[in-house]
Amino acid sequence: MRVRRNPYLGILLAIITCWVIPSGSTVAGQVSFSPPSQSATPYDTFDVNIVVDTGVRALGCFNVQVSFLRPDVTVLGVTEGPLLKNTGSSFGWTAKDTLGVWDIFDCVLPPKYANGPGVLATMRFATGASPCSTPLQFVYVYFQDTIGQPVTVGSADGMIVVPGCCSCPSQGDINNDGSIDVFDVISVIDVAFSGGQDIQDPGCPIARSDVNNDQVVDVFDVIYIIGTAFSGGSLPIDPCNSGG
Ligand SMILES: [Ca+2]
Ligand SMILES: [Ca+2]
């Protein structure tokens, strides 16, 4: 039996499909914090939004993990932003306190979707008696389009700035992996002699590479960190506890 094809049916279906379910791989753009730099004081409470820009189209799901350094800055709660709200979405968040990581996720029910710009979620922070500045970092970013395909999205980290606080958690640990080793030595050599990027932590008056705390990064820092890494030498000088 022959089936008569309606030449307009395919066109109609294509139009409906494109209208109801936008094509995949249209999620792009960037996720970031708003404001990108939030000022804070002791015993403070404030909100930081997780936002996406206009490059994010046809968003189906997202999952981000946010971290910050200081235990005296905590998260009171996370609320769903308006972008994915009222779409039958499944918002949620979990605090991984031991890791200092907050996991936030949200999905819409197909065929619904959302386009940026907009607010995905709002994190409410609180500070304790002696907070310090900390970067807000996206340690994990997963975005999915309307047909369930993962899409690479750019991310921009933020910052919580506490004026007057001194904290240098990563002196000498240039790559911030928790230990001072040959890779950090290579980085200090790169900063001292080759114009490498000199990383400075929020709240720290000097760069990570200035391990002898004399305000410059030079051969003496290289010698110092080689001693730390290989010869049982002293740890980098902490300018917050050195009287200088
Ligand atoms: Ca290191
Ligand atoms: Ca130095």
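The protein has three helices and twelve strands, where helices (H or I, at least four residues) and strands (E, at least two) are DSSP runs numbered from the N terminus. This is a predicted model, in which local features need pLDDT of at least 70 and side-chain atom pairs count only at pLDDT 80 or more, while totals for chains, interfaces and linings use all residues. Residues are numbered from 1 along each chain as its sequence is written, and chains are lettered from A and ligands numbered from 1 in the order in which they are written.

Of the 244 residues in the protein, 33% are buried; a residue is buried if 20 or more other C-beta atoms, placed from the backbone, lie within 10 Å of its own, exposed if 12 or fewer do, and partly exposed in between. Among contacts with a separation of 6 or more, 75% are between residues 24 or more positions apart. Two residues are in contact if their C-beta atoms, placed from the backbone, lie within 7 Å.

The largest nonpolar core has 38 residues. Such a core is a set of buried Ala, Val, Leu, Ile, Met, Phe, Trp, Tyr and Cys residues joined through C-beta atoms within 7 Å. Ile50, Leu59, Leu120, Met123 and Ile160 have the most contacts inside the largest core. Two or more residues each come from β1 (30–34), β3 (45–52), β4 (59–67), β5, β7 (101–107), β8 (118–127) and β9 (134–145). The most, five residues, come from β4. A second, separate core has 13 residues, including Ala192, Ala207, Val217 and Tyr224.

Strand β9 pairs with several others; two strands pair if DSSP finds at least two bridges between them. Eight bridges join β9 to β4, antiparallel, with Val64 and Val141 as one of the partner pairs. Three bridges join β9 to β12 (residues 158–161), also antiparallel, and here Leu136 is partnered by Gly158. Strand β10 (residues 150–151) runs antiparallel to β9 with two bridges, and Gln144 stands opposite Pro150. Four residues lie between the strands of the β9 and β10 hairpin, where Gly148 takes a positive phi near 85 degrees.

Ile160 touches, beyond four places in sequence, Gln38, Ala40, Phe68, Val73, Phe125, Ser133, Thr134 and Leu136.

Leu84 belongs to the loop between β5 (73–80) and β6 (92–96). Is Leu84 buried or exposed? Leu84 is buried, because 25 other C-beta atoms lie within 10 Å. Apart from residues up to four places away in sequence, Leu84 touches Ser89, Asp106, Val108, Ala114 and Leu120. The C-alpha atoms of Leu84 and Tyr113 are 7.7 Å apart, although 29 residues separate them along the chain.
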